[in-house]
Structures are given as C-alpha cells and as structure tokens.
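Subject: Structure handover

Hello,

The structure I promised is below. My notes on it follow.

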Amino acid sequence: MQISRRLSRLHRLLSRGCHSFIPNSLRRLGESFGVIWMRQTQWKSIAGLTVLVLAATPLQAAQGWIESLDGDLSNDGLAPTIVTMGLGANTIAGTTGNPGTGIDRDFLTFTVPDGTWLSSLIVKPGTTFSGSVSFIGIQLGTQIVGNNVLAFALHGPETVGTDLLPTLLGGVNPTLASGNYTVWIQETGGPVSYGFDFVLTPVPEPTSLALLATGVAGIFAYRRRQARSAALPQ
Ligand SMILES: [Ca+2]
C-alpha cells in the first residue's frame, strides 16, 4: 500500500511537470521501477526535434510540370517527359508553337494511379492563343507514335476556365481510368503560353450502372474521334 501511494504521488508530480522537485526517496523508488528521468529542457529538445523532422518530411511528391521551373517538355512523342501526377489538380504549363526557329511541340507521359481517375482537364486562365489551331491529344501508353492518338481536341479562347475532357472524350462526365497516358500539346501558329490542370479524383464505389454507362459512352467517343485523325497537326 505504501509503495502504491508513493507511486501515485510520483505520477501526480510527473503530470505537473515537477521533475526537479521530486524527493530523493521517490526518485530512488522510481529508478527501481525503471523510470528514466529527464529534465524539462530535454523534453523540449525532443519536442523541437520532432517538429523539425515532421517539417522536413514532404507531404507528397512534386506533381505536374511547369516549364519555367522544371524545363522544356520533350519535343519527341517517342520519348515524352515523365510527369508525376497525384490526387488533386496537377498543373501542366509551358509554351508551344513556332517562334520562328522551329516548332516547339510538348509531349509528356503520366500515370493515373490505381484507385483514381482523370475526372477533368481544365484550361487554366492565362492560356493564350495565336489565332491558329491549339491542339491537345492523348494516347494510351507511354509514347505517341506518329499521329496515333486516342482522342484530341482543338480549342480556343472560349475554353479558358472550362473542362476539355468532354470535348476530348465525349459523353457525360467522362473520365480516364488508371493507367499510362501520353499527351501531345501543340500550337500550330506562333508561340503561346498554356496551362492545364489535370484533375485526379478517387474512384467512387460503383453504386449504380450509371457509372458503367458513362464509361462505355466514352469508349465509343474515342473510336469516333480516331476516325478524325486526318485533322492532326504535322
Ligand atoms: Ca515547350
């Protein structure tokens, strides 16, 4: 009983942060039970170190690609720039077109992770147009060989701030399932600046056949658009 009361008192002192006021008798008792003593400053140091470790741990990998920060996107559909994408908006921004020294085409490849899908493709404010054709195409896999794309869209100033995915894929609320894709961005006129947000969201649990119907409609839209490949830029 005596030991129990002393341990109880020891617990009260520790809970009040009174480490330096613990009597020697209680200190010895604590040590006999394997208690490790630390000064208050030591606890503060450990807490500070924990904060530093947490601050140094990245919340997530860098996502998207901004040419002014990350470098020019590849000009080669057979060797597109590999871009990491994750949940949320993944910004792809850069310049494309012909400044008079040759055509700057931009090719990138990315993976839609399992459990997510590409649910929208927003044309960001600040995107400019030359008055010619602004083109974006997308293909399954990690390359674009020749002009072979799954789907493409030609867009202009009216699309700024809107979702291009319905134009690309057709159907209502179309999505692209998990997997590898390659994107081709090109202005056929003078150089322009562009920005897109590739928005990935979690795939919801299928609660009705409506989702399946949407996916089927999207696949038929792909096929229709493949037939229009003669309109692709060179
Ligand atoms: Ca570029």
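Why does Asn173 count as partly exposed? The model is a predicted one, and in it Asn173 has 15 C-beta neighbours inside 10 Å. A residue is called buried at 20 or more such neighbours and exposed at 12 or fewer, so a count of 15 puts Asn173 in the partly exposed class.

Asn173 sits in the loop that runs between helix 5 (165–169) and strand 8 (179–187). Its backbone is also worth a look: phi is positive there, at about 50°, although Asn173 is not a glycine. As a rule, most residues other than glycine have a negative phi.

Strand 6 covers residues 134–140. Six of its seven residues are buried, so strand 6 is mostly covered. Its pairings are as follows:

- With strand 7, strand 6 runs antiparallel, and five bridges join the two. Gly137 has Phe152 of strand 7 as its bridge partner, while Ile138 stands opposite Ala151 in strand 7.
- With strand 8, strand 6 also runs antiparallel, here joined by seven bridges. Leu140 has Tyr181 of strand 8 as its bridge partner.

Regards

Terms used: Residues are numbered from 1 along each chain as its sequence is written. This is a predicted model: local features need pLDDT of at least 70, side-chain atom pairs count only at pLDDT 80 or more; totals for chains, interfaces and linings use all residues. Helices (H or I, at least four residues) and strands (E, at least two) are DSSP runs, numbered from the N terminus. Two strands pair if DSSP finds at least two bridges between them.
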